[in-house]
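Have the model open as you read.

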Amino acid sequence: MSSFGFYKTSMRTVLILGSARHDGEAASLAEGLKEISQWDLIDLNNYTFGHFDYHFENQNDDFPKLIRRIIEDYDVMVFVTPVYWYTMSGIMKVFFDRISDLLMLEKELGRKLRGKKMAVVSCSYGNNLGEHFWLPFSETAKYLGIEYLGGLHTISGNYDREAIASFCQSLKS
């Protein structure tokens, strides 16, 4: 309850899956997260959007509508990605690059990212991420005025449901 006697509404959270496959390890992880948390899930593979373009000739693809929906409907974004060559997946990188549209073309919409929250859940077959993996997420959040809530790395095929549930719970508070 807030100091004014009103109950706080819970934050609206969305899982954003960026993986090369609908049926891969990251997709399995995202489905598990959805089951545990009851959050909505957006699979970037269900959308068609191109790379960032300085001439903005790709404004008829799915990105503008998708990012508008995410910004207007959710307070917390949890990015779910496999680790490809020590970084986020290609489709996730393209999604992040397209956020530049909001800095140059849709500035008013981009300003609405301020005050939102972001977290990351990754998966790979090893526990050799290193601290630099999180840098593109944390620095993007800082630049955009988004609160970075941290990340959780999981081992593909051997998910620790307790750790995942604990991470989800920490994002709810």
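## A pair within one helix

Lys142 and Glu139 form a salt bridge, with their closest N and O atoms 3.3 Å apart; the term covers a side-chain nitrogen of Lys or Arg within 4 Å of a carboxyl oxygen of Asp or Glu. The two sit 3 residues apart in helix α6, so about one helical turn separates them. Lys142 is exposed at 58% relative accessible area, while Glu139 is partly exposed at 38% (buried is under 20%, exposed over 50%, partly exposed in between, with a 1.4 Å probe and protein chains only).

Please keep in mind that this is a predicted model, where local features need pLDDT of at least 70, side-chain atom pairs count only at pLDDT 80 or more, and totals for chains, interfaces and linings use all residues. Residues are numbered from 1 along each chain as its sequence is written, and side-chain values use heavy atoms, leaving out hydrogens and water.

## Pairs across the chain

The structure holds 10 salt bridges. One of them joins the side chains of Arg68 and Glu106 (3.3 Å, N to O). This pair links distant parts of the chain, with Arg68 in helix α2 and Glu106 in the loop between α4 and α5, 38 residues apart.

Lys117 and Glu147 also meet in a salt bridge. Lys117 belongs to strand β4 and Glu147 to strand β5, so the pair ties together parts 30 residues apart in sequence.

## Inside helix α3

Which residues of helix α3 are buried? They are Met92, Val94, Phe95, Phe96 and Arg98.

Technical notes
Helix = DSSP H or I, 4+ residues; strand = E, 2+ residues; numbered from the N terminus.
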